[in-house]
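Subject: Structure handover and findings

Hello,

Here is the structure we discussed. Please load it before reading on. My notes follow below.

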Amino acid sequence: MEAQGSVGAAQTSLDFLDQLSAMFLRYQQDCGQDINDRFIQIFRDTEKTPLRHVSLRNSTITNEGMRILLRHQLNSLSMWYCNKITTASWNILIEHCRQLRSLELGRFVDMLKHSEPNEKTPIDFQLLLPRLQRLKLNGVVLQPTIQFSHLTELNHLDLTACIFAEFSLKALIDLPNLRTLILFNVWPLEHEFPTLCKLKNLETLDLSVSRANVDGNYLTPNKLLANLVENLPKLRHLDISGTNLAGDGVAESAGSCTGSSSDIPGLVSRVERPLDFLGIYYTSHSACKWHDIPALRIAGEASEEQILVAAVAYQDRHELLTKVLNDLYHLLRFETCKQIHKALDVVLSAMDKHIRVKNIQISGSATLFYIVKGREKMKFGVPLKNHIIHTLLNGMSTHLTDDTMMRNGCLTLCQFNIPLDVVSSQMFEYERLVQILLHGVSYREQEGFVQRIAIYLLNSLACQVDGSQKLFLGDLGAISTMLNLINDRLSRRVFDDVMEVAWSTMWNVTDETAKNCERFLDGRGMEYFLGCLKLFPDRDDLLRNMMGLLGNVAEVKELRPRLMTHEFITEFSDLLDSSSDGIEVSYNAAGVLAHIASDGVDAWTISRPTRYSVLVRMVEAIERWDLSAERNINYRSFEPILGLIRCYHTPQCQHWAVWALANLTKVYPTKYCRVVEQERGIELLQELIDHPQPYPRLKELAQIVLTHCRNLSEPMNGGTADGGGDGSGGNDGGSNTTDPTGMELDG
């Protein structure tokens with residue numbers, strides 16, 4: 001009994017390790033990890049990391065990696081879109097995997113065919129896998145020498161798109177357990193019908209083709225189908241999509257006392273015993289639109305239900321799946337689709353399975369747009385949103401150079417709460433999206449739609465994220481990319497929304513991120529600032545964005561000496577008198593000068609304009625501003641402002657700081673009074689009031705801030721609505737829940 005117990009424990013341990021290894025492999029693929037030869041090294045030890053079930057998609061694994069995998073005692077192997085595999089792996093498989101129960105060699109797996117397009121000689125192979133129960137081959141040339149009779153356990157055979165080189169289905173007659181036979185896109189087949197009629201145990205038969213009106217046209221369709229169905233008594237699942245086997249729609253009676261009939265003549269014998277499933281998607285004469293069809297579930301194009309059935313049934317058939325997704329797209333576009341969650345499931349599954357098929361990614365992303373744009377989006381949980389974003393990014397990163405895919409993907413992402421939905425997904429997804437968008441901004445036609453929507457999303461990603469993510473944006477080249485866009489437009493003397501958003505993006509990316517501020521200066525940013533001032537002096541939003549950015553630069557003490565030039569200080573001083581965009585440009589100009597002046601008299605290294613004259617102009621400007629003015633700026637922290645309150649040697653710097661706090665706590669008390677309290681602003685303001693040096697107006701403004709904070713802490717009957725959203729210290733990227741362009745998608 002002890003020996004048996006130890007064997008049982010060992011088997012349990014082996015099963016656990018097998019499940020763990022399989023879960024790890026699946027998780028890595030779900031995360032977008034390329035399963036290459038280097039990664040497969042993890043499974044070199046067949047005892048510590050055993051595998052029994054391997055499923056690979058979109059992998060760059062080669063024969064060397066397969067050599068490692070096939071040393072495991074595999075029960076099942078499924079491979080799709082692994083185009084670096086050659087016939088050498090088949091020899092390894094036959095040598096090590098005689099125990100294999102399930103083998104699936106899908107699209108772009110050249111284990112049984114030459115990968116070289118000019119090599120026409122078929123591979124002569126034998127299925128030396130005696131325990132095989134399930135076999136799927138795709139596009140393989142079948143020679144007459146291939147044997148099946150020894151596969152006595154085989155119950156599922158899929159020969160999708162295989163070429164019969166004098167091969168005959170007669171090779172299957174002696175398979176006692178064959179229940180499923182898939183002959184999708186195998187043509188011609190008419191001469192094989194007598195053999196099909198002898199496969200008496202068939203429960204599932206697929207004779208469908210994807211190229212309707214090209215393949216699938218039989219000379220005597222009604223007779224062929226009727227004879228076939230009558231000879232296969234166990235048949236429950238039949239697919240004749242794309243063919244003319246459904247006939248021309250002239251009903252035939254079943255000849256029973258019930259008076260039942262079938263609009264598909266070949267199925268009249270199944271009127272009393274309807275099929276569980278019938279595929280009649282895009283058949284001749286649109287059979288799916290007929291009334292009397294003896295089947296419980298129908299895959300067709302006539303209704304939402306039929307389209308969704310087809311979408312589930314054809315997940316592994318990219319040719320049909322593209323058509324199905326287009327049909328689904330039209331349903332959703334015109335808001336006639338009722339089963340939104342089922343539609344979402346099939347779209348995500350299709351896109352996940354066929355990442356490399358551009359048409360599926362384009363149709364799928366267009367369909368996703370209308371799903372996430374609809375009312376059902378409110379019911380989507382975080383895991384589902386993460387899945388949608390992950391799937392979109394897979395498609396976009398795979399088809400970076402396709403404008404339609406990028407356009408659809410960007411517009412669909414605009415329906416989410418950017419950046420929160422992306423950040424809550426995974427930092428990995430945030431980084432992927434940034435790289436995709438920077439590519440879209442950099443390598444697209446100037447002033448094209450994709451460039452515009454990509455820069456809009458980039459700006460949104462720069463809002464409401466922490467310093468590490470802003471730094472990451474800079475590391476990937478966001479600053480240099482924006483500066484290149486601005487330089488291009490300056491050289492062409494063109495102002496557009498891309499230039500405006502480029503400055504806005506840099507405003508957000510430089511917020512409390514000194515390294516990005518330095519990148520701006522190193523990239524000739526001040527030269528471009530002066531150029532924009534000269535060419536576009538009346539563009540209010542542009543001026544606001546530029547001065548907001550320079551406000552961030554001026555907060556970095558180490559960089560302020562680089563702003564201390566006659567030309568820059570003169571421009572900042574002149575902008576104090578600007579009424580552009582309300583008080584925003586003047587306010588930001590004063591902020592820049594206040595930070596520069598806070599470094600003291602010795603740091604003012606230019607003779608003109610004088611420090612004194614600039615400070616006088618700054619105070620005059622501050623006193624012109626309306627304390628109740630609503631703002632177009634968001635602060636995450638008051639640390640730079642509170643730092644100026646300690647600047648007793650230059651009270652004019654304190655003046656700007658306390659005015660800013662008085663304004664923000666008056667207009668947006670709910671948000672900003674808490675920030676003042678949390679960052680010890682109350683104590684600093686009280687110190688200023690008690691200090692003998694500041695002039696009376698400063699103490700008056702400081703008292704206003706304290707009053708605002710005190711009032712918020714007490715019960716109130718009413719108050720000013722809080723208008724500020726949680727944003728960066730820079731410009732709010734704007735609403736991200738609507739399409740900023742109002743344009744339609746390509747399906």
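Contact here means heavy atoms within 4.5 Å. This is a predicted model: local features need pLDDT of at least 70, side-chain atom pairs count only at pLDDT 80 or more, and totals for chains, interfaces and linings use all residues. Residues are numbered from 1 along each chain as its sequence is written, and side-chain values use heavy atoms, with hydrogens and water left out.

Overall picture

The chain has 29 helices and 14 strands. Helices (H or I, at least four residues) and strands (E, at least two) are DSSP runs, numbered from the N terminus. The radius of gyration is 35 Å, whereas a compact globule of 747 residues would come near 27 Å. That radius is taken over C-alpha atoms, and the globule rule is 2.2 Å times the number of residues to the power 0.38. The C-alpha trace spans about 105 × 65 × 60 Å along its principal axes.

Of the 747 residues, 56% count as buried. Buried means under 20% relative accessible area, exposed over 50%, and partly exposed in between (1.4 Å probe, protein chains only). The accessible surface comes to about 31,200 Å², and carbon and sulfur atoms hold 50% of it. Areas come from the Shrake-Rupley method with a 1.4 Å probe; for residues, only the protein chains shown count as cover. Take the contacts between residues at least 6 apart in sequence: 68% of them join residues at least 24 apart.

Strand β2 (residues 76-80) is largely enclosed by the rest of the structure, because 5 of its 5 residues are buried. Both faces are covered: S76, S78 and W80 lie on one side, L77 and M79 on the other. In general, side chains in a regular strand alternate between the two faces of the sheet. Strand β1 (residues 53-57) runs parallel to β2, and 5 bridges join them. Two strands pair if DSSP finds at least two bridges between them. W80 in β2 is the bridge partner of R57.

S102 sits in strand β3 (residues 102-105). S102 counts as buried because its relative accessibility is 18%. Beyond four places in sequence, S102 touches N75, S76, L77, L132 and R134.

L348 lies in helix α9 (residues 340-353). Its relative accessible area is 2%, so L348 is buried. Leaving aside neighbours within four places, L348 is in contact with L368, L384, H387, I388 and T391.

Helix α14 (residues 427-442) has 16 residues and reaches 23 Å from first C-alpha to last, close to the 22 Å expected. The expected span is 1.5 Å times one less than the number of residues. Buried residues in α14 include Y430, L433, I436 and L437.

M526 belongs to helix α20 (residues 525-535). M526 is buried, at 7% relative accessible area. Outside four places in sequence, M526 is in contact with F520, L521, L550, L563, F568 and F572.

A loop serine

S578 is in the loop between α22 (566-575) and α23 (584-597). At 19% relative accessibility, S578 counts as buried. Its side chain reaches the backbone nitrogen of S580 at 3.0 Å. S578 also touches V585 and S586, leaving out residues up to four places away in sequence.

Best regards

Notes
Polar contact = N/O pair within 3.5 Å; in protein donor to acceptor, adjacent residues only side chain to side chain.
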